[in-house]
Amino acid sequence: MSIVLPQSFIDKMRRLLGDEFDAFIASYQRPRKYGFRVNGLKLSTDDYLKLSPWGEWLVPIPWAADGYYYEEGDRPGKHPHYHAGFYYIQEPSAMVPAELLDVQPGDRVLDLCAAPGGKSTQLAAKLQGSGILVTNDNARERTKALAKNIELAGIRNAVVLNEEPAALANVFEGWFDRILVDAPCSGEGMFRKDESMIGEWERHSVARCSVMQRDILRHAERMLAPGGTLVYSTCTFSPEENEAQIAELLAACPELDVVPVQLAHGWAPGRPEWTNAEVIGRTSSEPEQEDDRINSISGTVRLWPHLTEGEGHYAAVLRKRPQMGRDGRQEKAQDEDGLLFTDTQLSGGKSREYVEHDGERHDPRESGRSTSDGEQREARESGRRGTSDVEQREMRESGRRGTSDVEQREARESGRRGTSDREQREARESGRRGTSDREQREMRASGRGRAAGRAERGGMIRAEAGNRGRKGARGEGLKRADGSGVAGGVDAAEAWRRFAAEQLVGAEYWAGEPIAYGSRVYLQPPGLPRLDGLRVVRAGWFVGEAGPHRFQPSQALAMGLRCGEAALTLRLRADEEVTLRYLKGETLHIDASRLVGPANGDNGPASHDQSRREAARNGTKGNAAKGYVLVCADDCPIGWGKYSGDGLLKNELPAGWRWM
């Protein structure tokens, strides 16, 4: 292979690398490495290797537990396992930043510059469905690929946004335990992988990228909770975009410290001598202390193509210091009962250190706050909006339950007039459970029922009035959430509940509150702040859309399920000819005997007791002739079909998901 590199790039790298330059430039004449990462949300690496047609010759990527090198001729993107979300095809070095972030189940995680979504899927696999992943990109077109990759991976606890970092910081200040900033950069490290990046580099200067990176990092730091971890990464070699960015951030944010990365796998240390102290400026009254902080940049890491089996990358791990109590000690985290927890207990009994760092490690929840996370968010929101803490809690609760502004005011007035909490809960539950469709229509038609009709719209997310006129110009799929939950007289959230009760098993136990945006229904991760005014691409796990006559389940719902969670399942082998026909969008001729219920297979949800599985099995036997069918390949979903009872399975796979 022969790559023509810009002369200005060659001159710069010769100046930076000195004696290493010849080895560096020779790496561009070697073939690039290919990799993919097994999706731990779908199956274990051991299970995948038993199923993989390449399992015998896949080589592990040493810095990613689920990553493997493959040969270019293997073409894993042309296998049904790709369509089942078994793995994500990713450049091997690009797996490093998410590994360094050390995400644990239950964390609040932000992937700030996320598209196309590879690192987001890696972070989600580490969360294992527990916690919250907010994945964002400010480029509208790129969020389409981002949303699809989130859905393909079967991620249930993610929200996809299309915002500038400044807008996010106003909503999520001090909120995240872990933040990944895989910043837009000049892309010098990708020249061997993608020669088109050379032209991009010549058009987009290092100086221009540096300005963007500086702004992104300032806002990212605002969103990091005390004790939290931030990883900054690029795929470029320029010191202006790497060490210099970290030096400026350390000077501006004294509460941040570099966490030194353990060098392995041919990784090289960061180069603090490549920073420009005059440009960065001295902000400390103690020059020696500032020099120590600049020198700590040697604890960041560089991946060079002549030293590692991958492309060029840079990564820095930073931690925000926990807040101190009045006695100068770091305050410990407490649970709701006031019990104290240690770091090991908070992280599930596992050590969370992965770097050479002798200082005490504190979980992000050990932030030294004297108030709970919820109370702090209320205080911040109260300061911004001017409402009382009580009113804010009521507004958030009413938003989750789908009440309107009118109903919220009525509820508050009711509380002041002496209605008990129990009576209020009963009234709300009565409104949700005890009103027939006919009664609801009559209530909406009457003047007395207008407020209740508005309440059904499920106003979890509302747009400011000034933003509504701009929504159409931002393109289909980009939403300023307006809380509309009723479309054409159909209560979308209630339509979802009916569908889930009839077609799914165990949906009532799933985390997340159903919220509706028009006719579309999402399960939003619990504990998420209100997303008022933000551009929302996916408000949670998109489960489907309510039509005038039936609820249409989404492809995202199918991909997030396990085979045992649908009332009817068609289990195919990936190497069956019928599997390829389904992926191409064809109608299938299927004998009813191949359709099984959750108790007839071996992959049912472990959380359901035997009596529930028995009830599900009996219900399936009674109506096996018709209904939605979850189509699976090698025990992982690939989409929906609809069985009509005459041997035909109508293909419900969306056009954009079909085999091309």
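Which residues does Leu557 touch, not counting residues up to four places away in sequence? The list is Trp496, Phe499, Leu504, Trp510, Trp541, Phe542, Val543 and Trp640, where a contact means heavy atoms within 4.5 Å.

## Ground rules

This is a predicted model, so local features need pLDDT of at least 70 and side-chain atom pairs count only at pLDDT 80 or more, while totals for chains, interfaces and linings use all residues. Numbering starts from 1 along each chain as its sequence is written, and side-chain values use heavy atoms, with hydrogens and water left out.

## The cores

Leu557 turns up again in the largest nonpolar core, which has 70 residues. Here a core is a set of buried Ala, Val, Leu, Ile, Met, Phe, Trp, Tyr and Cys residues joined through side-chain atoms within 4.5 Å; buried means under 20% relative accessible area, exposed over 50%, and partly exposed in between (1.4 Å probe, protein chains only). Along with Leu557, the residues with the most contacts inside this core are Phe172, Val181, Trp496 and Leu504. Helix H22 (residues 492-503) is the top contributor, giving 5 residues.

There's also a second, separate core of 34 residues, with Ala64, Ala98, Ile150 and Ala158 among them. In soluble globular proteins, nonpolar side chains tend to be buried together.

## A mostly covered helix

Helices (H or I, at least four residues) and strands (E, at least two) are DSSP runs, numbered from the N terminus. Helix H11 (residues 243-252) has 8 of its 10 residues buried. Those are Glu243, Ala244, Gln245, Ile246, Ala247, Glu248, Leu249 and Leu250.

## The sheet around E27

Six strands make an open sheet with mixed pairing, in the order E23-E27-E26-E25-E22-E24. E23 and E24 (595-596) sit at the edges with a single partner strand each, so one side of each has no neighbour in the sheet. Two strands count as paired if DSSP finds at least two bridges between them.

E27 (residues 648-651) runs antiparallel to E23 (residues 588-589), with 2 bridges, and His589 has Leu648 as its bridge partner in E27. E26 (residues 636-643) is also antiparallel to E27, joined by 3 bridges, and Tyr643 stands opposite Leu649. E26 and E27 form a hairpin with 4 residues between them, and Gly645 in the turn has a positive phi of about 95°. As for faces, E27 has Leu649 and Asn651 on the covered one, and Leu648 and Lys650 on the uncovered one.
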